[in-house]
Amino acid sequence: MMGNEKKKVHYAWYILGICILINVVVQALVMQISSLYIVPMYNDLQVPRSLLSLQSVCITVGAVLTAPYWGKLYKKHGARKLLPGCVAVTALCTIGRSLMPNIWGILVLAFIKGVFFTGSTLLPISMLLTIWFKEKRGFAISVAAIGTSIGGVIFSPVVERLISTYGWRFSDRAMGLIMLVIVVPVTYLVVRSTPKDVGLRPYGAENAAANGAKGDNGTQGTQKQETQKQGTRNQEDAQVTGMTAAEARRSPILYVFLLAIFCMTFATGAALQLPVYLTDIGYGSAVAAKAVSGYMAVGIIGKLVLGHVTDRFGEKTATVYVCGVGILAFVGFMFARNQIAFYMMIVAYGLASGITSIMPTLLTSKIFGNRDYGPIYGMVVSVNRFGGVVGTLLVSLLYDITKNYSIIWPVCAVSMAFTLVAALGCMKLSRNKMAQEQRREDMVRE
């Protein structure tokens with residue numbers, strides 16, 4: 001059986017394919033190209049653009065309020081039952097927007113879309129890839145994250161052409177139908193909540209078990225006997241480790257980690273002002289647009305590099321690497337008038353671009369384990385979304401007050417440095433806590 005299993009493509013790669021599809025279509029259509037609709041909707045509805053921009057805020061509020069509950073629901077019911085329905089509601093909200101006669105109905109639908117958008121993209125994708133991949137998890141998560149960039153490249157010209165030819169309402173209906181007709185049925189047919197559902201183990205579980213057996217050489221006889229007793233069970237299921245959600249909520253580790261996530265996404269949310277900043281300091285809109293295209297192109301490579309570093313050297317090294325280049329990027333922001341700093345900023349920010357989409361997933365699993373991954377990661381998603389919104393809004397507010405960005409980029413660099421220190425500290429505290437629990441369990445067995 002093992003021989004046949006090795007010859008076949010592991011089902012985890014089909015799960016990765018679905019995650020890429022969701023990011024290419026759903027994530028990209030809801031978030032990446034939303035700005036294309038602002039001007040045509042303004043011309044049609046004749047409302048202030050600030051009201052139209054509130055759509056993204058409503059989506060984020062829906063996500064922040066409900067992400068922890070989605071984590072619990074996904075743990076209880078599984079992705080197979082929930083994911084297709086969440087994508088379907090997201091698609092129906094997209095179609096429904098085209099039928100709304102005024103901005104107030106559009107904003108209500110944006111909130112509902114935010115609720116189910118969270119249940120159809122970042123949270124279930126992270127849960128599925130964490131469950132299905134024991135090895136190459138960093139690679140899988142980074143490749144899935146690239147799907148968002150690919151979707152933006154594919155759909156931006158398509159949506160722009162549809163809007164200019166047929167109007168924004170027709171474009172909404174077409175994009176919603178694409179989600180319904182393509183993503184919903186494929187997701188329902190392919191997604192399986194756990195490897196056990198198809199009689200498999202997570203990808204790379206055999207190698208992880210073999211490495212664990214090698215690492216047992218020289219340990220106490222009692223531990224070896226226990227390993228032998230549980231050998232069959234460990235072959236069928238991935239080892240359940242880490243904290244429960246209740247234990248995490250009682251631990252300071254969770255709150256330090258959530259603060260680190262907030263600082264991380266605050267900084268990256270602030271960096272969305274890059275085109276405006278470059279225009280203000282004299283580069284012009286054309287150069288600003290090229291800079292954005294440049295760091296997005298580097299970002300595709302950057303996500304793959306981050307995934308490789310994680311798989312090859314571990315989460316600790318990956319955290320040092322990505323936070324380091326993030327700090328370097330914001331140093332480039334500070335001195336962007338200098339040509340060398342300008343190019344350093346583009347390269348470094350592109351290399352760090354996977355920090356908010358890849359690292360929270362990997363670090364949550366590393367620090368808290370997989371025992372209650374869904375509920376804990378739901379809290380992480382809420383803070384992730386909230387930090388990005390606060391960063392974007394606070395930068396605009398600070399600029400309105402100071403009329404320049406001089407204070408903003410140093411704050412972002414400090415935020416990224418705090419993220420690095422806090423994440424490393426959480427990993428160390430978690431490792432110590434798990435070691436203490438293991439020693440207590442060993443004492444009970446003896």
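Modeller: Start with Trp-409. This is a predicted model, and in it Trp-409 has a relative accessible area of 1%.

Colleague: Why is Trp-409 called buried?

Modeller: Buried means under 20% relative accessible area. Trp-409 has 1%, so Trp-409 is buried.

Colleague: What makes Phe-333 and Tyr-349 an edge-to-face pair?

Modeller: Two values. Rings pair if their centres lie within 6.5 Å, and planes over 60 degrees apart count as edge-to-face. The centres of Phe-333 and Tyr-349 are 5.8 Å apart and their planes are at 75°, so the label is edge-to-face. Phe-333 sits in helix α17 and Tyr-349 in helix α18 (residues 339–351), 16 residues apart.

Colleague: How do you know that Phe-333 and Tyr-349 are buried?

Modeller: The cut-off is again under 20%. Phe-333 has 0% relative accessibility, so Phe-333 counts as buried. Tyr-349 has 9%, so Tyr-349 is buried too.

Colleague: Which residues form the aromatic cluster?

Modeller: Tyr-277, Tyr-295, Phe-330, Phe-333, Tyr-349 and Trp-409 form one cluster. Phe-330 is buried as well, at 1% relative accessibility.

Colleague: What makes you say that the charged end of Arg-80 sits over the ring of Tyr-188?

Modeller: CZ of Arg must be within 6 Å of the ring centre and within 35 degrees of the ring normal. The charged end of Arg-80 is 4.8 Å from the centre of the Tyr-188 ring, and sits over that ring. Likewise, the charged end of Arg-97 sits over the ring of Tyr-37, 4.7 Å from its centre.

Conventions: Residues numbered from 1 in each chain as written. Predicted model: local features only at pLDDT ≥ 70, side-chain atom pairs only at ≥ 80, totals over all residues. Heavy atoms only, no water. Buried < 20%, exposed > 50% of the residue type's maximum accessible area, 1.4 Å probe, protein only. Phe/Tyr/Trp six-rings, centres within 6.5 Å; stacked < 30°, edge-to-face > 60°. Helix = DSSP H or I, 4+ residues; strand = E, 2+ residues; numbered from the N terminus.
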